[in-house]
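Please read the account below alongside the sequence and the 3D structure.

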Amino acid sequence: MRASAPNSGLAFFIIAVLGMLLLGGGIYFGVNYAVERVVVADAKDKTQAWIDYFLSAMPDLDELLVNGQLTPAQRSVINAAEKVGDIFRFKVYSADARQILVSDDPNLAGAVQDKEPKHSLEAAAVMTAGTSDIQFHETAKAGTPPAYVEAYVPIIDDGGKTHGVIEVYVDQTHTTSLLRTTFTALALGLAIVVALGFGLLSFAVLLRSRQVKAARKEAEFFALHDPLTGLLNRVGFAERVKAAMDAPAWETAALVGFDIDGFKSLNETHGEAAGDQLLRHMARCLAGPIREREASGRLGGDEFMVLLRNREPEDVRTYVETVLAAVREPITVDGRVISGTLSAGIYMIGPRDEMARALYRTDVALYQAKVDGRNTARQFSAEMESRIASRRALEARLRDAVRNEGLAVYFQPLMDARQRACIGFEALVRLLDGEGGTISPAVFIPVAEDLGLINEIGAWVLREATRVAAGWPENLTVAVNLSVSQFGDGRLVETVREALAESGLPPHRLELEVTESMLIEDPGRVGAQLAELRALGASIAMDDFGSGYSSLGYLWQFGFDKLKIDRAFITALDANEGRAREVLDTIIMLGHKLDMRVTAEGIETERHADVLAELGCDQLQGFLYARPAPATELAAFLMQSYGETGVGRVTGRKAIAG
Ligand code: C2E
Ligand code: CA
Ligand code: CA
């Protein structure tokens with residue numbers, strides 16, 4: 001590419017020189033041709049004028065042509081005629097082309113006849129043709145001017161008969177040089193104009209070709225580079241990785257994937273322009289410490305990757321730590337200070353690795369770094385890969401389940417602590433594993449949240465739970481768990497209203513369970529929607545109480561209808577009953593003071609049930625009574641629970657039919 005620039009310069013120079021030579025030659029021949037034409041034409045006019053004068057002035061020309069004898073009168077005309085105009089010599093030939101006289105011959109008088117008469121071939125030819133013959137001469141011969149015209153003119157009478165030929169010599173030295181100077185000047189002027197035009201044209205052509213070349217270079221650059229950061233793009237980076245992996249001599253190489261933590265929300269908070277600045281900052285930080293032969297790329301969005309070569313694992317980690325530390329330094333964009341952190345995944349490329357696998361494993365390590373809390377680096381391990389493979393499988397199953405009815409709602413009874421009778425059920429969603437088993441929501445709900453599927457799933461659970469509950473005896477309630485993401489899009493209240501309307505379940509039979517962590521995340525938003533849900537007539541329960549921060553402020557502020565004590569406190573009864581009792585007693589008292597009913601979850605033994613009933617707990621839930629089960633199995637449970645009293649005339653079929 002680079003070598004072609006001087007080559008084209010040389011070619012241009014050669015073309016220019018050849019052009020000048022050609023132009024010079026053209027001017028030379030053109031001027032001479034033009035000069036000769038004009039000089040001859042001019043000489044023709046002069047000759048004609050002279051001949052007219054000569055024929056009228058010369059007495060008895062016919063006789064002279066016949067006998068060649070000059071009379072004194074004729075002699076004086078000849079002497080005079082020789083000096084007329086630019087004529088410097090003339091010769092007269094008889095009708096048979098013999099030379100009769102030469103005007104500047106010193107022996108003019110009678111000299112002709114003394115010698116053998118000279119016969120002229122030119123004169124004979126002119127005689128025969130009856131037309132003039134004109135020749136232009138430019139010579140350095142002595143006795144003639146440098147430039148002259150020699151004209152043979154036939155002497156023809158009115159009857160068309162030729163009597164002889166006069167040969168006239170016209171001195172055109174002055175005319176020739178004048179014409180030559182003028183024409184040369186003109187031609188040179190023209191040449192300069194042409195050369196200028198040519199020069200301009202070539203300059204334009206040269207400029208254009210430079211532009212085309214620059215544009216092509218630019219296009220080539222952007223085919224392999226990211227315009228925002230100047231790093232390689234996905235294609236360019238993959239090329240470099242492939243080259244490194246295909247290198248004939250094996251050397252250690254590592255891939256490090258980087259991803260900006262929470263880039264999407266940074267972009268939303270500070271604007272796209274600030275996001276771009278942050279991307280450039282990150283690019284500088286990670287590309288700065290790489291060496292020659294190594295490569296850095298932006299693979300898309302906020303995803304970067306570097307290829308490190310010939311470095312020990314220790315060196316690789318040092319590099320990553322340096323980058324992570326460097327990016328933490330805040331930058332100022334439009335007067336605002338912004339900062340971001342990176343997560344990094346490291347993969348040491350093996351000697352017989354395939355590129356796709358190396359890239360995938362780098363991604364796996366990066367993914368793990370994200371899962372492990374971000375702003376950190378993780379090196380790939382095989383165990384990581386299988387964990388992530390099962391996560392990916394779960395994601396796929398979940399996506400499929402949402403579309404193809406792969407979810408089920410199970411129900412677990414809530415018992416009245418005094419009567420030990422069923423007063424309602426908690427709806428617990430299940431993901432069918434395709435082999436007759438189920439996957440716990442504790443496993444897949446967080447994944448559904450990550451994938452943005454939770455709203456769809458939550459709405460479906462609400463519809464399904466209310467539909468089933470609408471078929472139960474009127475004294476039974478249904479509790480549905482909510483996820484914080486469901487408060488995000490502002491559609492939750494509408495969804496609940498629709499579920500109630502669709503199923504015909506009276507709102508007071510619906511209970512919604514939220515956790516403390518949801519309130520901590522976004523108290524304003526969640527609180528406002530809870531108030532609306534309550535206004536609909538549904539009751540609100542605080543789930544897993546005591547497992548998180550347990551702020552009295554939230555309990556107080558939102559006025560929950562129910563408190564569900566976290567299972568951990570009931571489990572604690574087995575280890576240290578005395579101490580656990582005291583804590584449970586306090587929680588139950590607190591709940592009652594704040595006008596809440598209190599439920600204990602995780603009741604697995606009669607002992608658990610007795611202690612909690614004794615402490616005044618209102619409701620009990622746990623495996624002791626029933627495990628969560630499909631709607632079709634609830635009838636049997638209720639028959640068993642109410643069998644003797646005759647309450648709960650519910651059939652599984654009816655529950656399904658809603
Ligand atoms: P949770 O709301 O605390 O639900 C109670 C969990 O404890 C259920 O687990 C239930 O099967 C389990 N459990 C009940 N009794 C006992 C017992 O005696 N011993 C023991 N060891 N466990 C008992 P599950 O069904 O796996 O649900 C786990 C969590 O998933 C739930 O905890 C809830 O937070 C969430 N979840 C369930 N369904 C939904 C749903 O539809 N939407 C949302 N957003 N979350 C749900
Ligand atoms: Ca719950
Ligand atoms: Ca719970």
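Glu426 is buried, with a relative accessible area of 3%; buried means under 20% relative accessible area, exposed means over 50%, and partly exposed lies in between, using a 1.4 Å probe and protein chains only. This is a predicted model, in which local features need pLDDT of at least 70 and side-chain atom pairs count only at pLDDT 80 or more, while totals for chains, interfaces and linings use all residues. Residues are numbered from 1 along each chain as its sequence is written, chains are lettered from A and ligands numbered from 1 in the order in which they are written, and side-chain values use heavy atoms, with hydrogens and water left out.

Glu426 belongs to a metal site. The calcium ion (ligand 2) is coordinated by Glu426 (OE), Asn481 (OD1), Glu513 (OE) and Asp543 (OD), at 2.1 to 2.3 Å. Glu426 in strand β14 (residues 422–432) and Asp543 in strand β18 (residues 539–545) are 117 residues apart, and the pair links distant parts of the chain. Written along the chain, the donors of this ion follow the spacing E-x54-N-x31-E-x29-D. Donors here are N, O and S atoms within 2.8 Å of the metal, or 3.2 Å for Na, K and Ca; water is not among the atoms, so sites may look incomplete.

What lies 3.9 Å from the calcium ion (ligand 2)? The calcium ion (ligand 3) does, and Asp543 coordinates both. The protein donors of the calcium ion (ligand 3) are Asp543 (OD), Asp544 (OD), Glu601 (OE) and Glu601 (OE), at 2.1 to 2.6 Å from the ion. Their spacing along the chain is D-D-x56-E.

Phe444 lies in helix α13 (residues 441–451); helices (H or I, at least four residues) and strands (E, at least two) are DSSP runs numbered from the N terminus. At 0% relative accessibility, Phe444 counts as buried. Not counting residues up to four places away in sequence, Phe444 touches Leu394, Leu398, Leu407, Val429, Arg430, Leu431 and Ile439, where contact means heavy atoms within 4.5 Å.

Gln529 has its place in helix α17 (residues 523–536). Is its side chain's residue, Gln529, buried or exposed? Gln529 is buried, with a relative accessible area of 8%. Its contacts, not counting residues up to four places away in sequence, are with Phe487, Gly490, Leu492 and Val493.

Thr176 is found in helix α6 (residues 173–224). Thr176 is buried, with a relative accessible area of 2%. With residues up to four places away in sequence left out, Thr176 touches Val35, Val39, Phe136, Glu138 and Ala147.

Most residues other than glycine have a negative phi. Asn310, although not a glycine, has a positive phi of about 60°; Asn310 lies in the loop between β8 (303–309) and α10 (313–328). Phi of Asn375 is near 55°, also a positive value in a residue other than glycine. Asn375 is found in the loop between α11 (355–371) and β12 (377–379) and counts as partly exposed at 30% relative accessibility.

Now for the chain as a whole. The chain has 23 helices and 22 strands. Its radius of gyration is 58 Å, well over the 26 Å that the globule rule gives for 658 residues, so the chain is more spread out than a compact globule. The radius is taken over C-alpha atoms, and the rule is 2.2 Å times the number of residues to the power 0.38. Along its principal axes the C-alpha trace spans about 180 × 60 × 50 Å. Buried residues make up 43% of the 658 residues. Of the contacts with a separation of 6 or more, 65% are between residues 24 or more positions apart.
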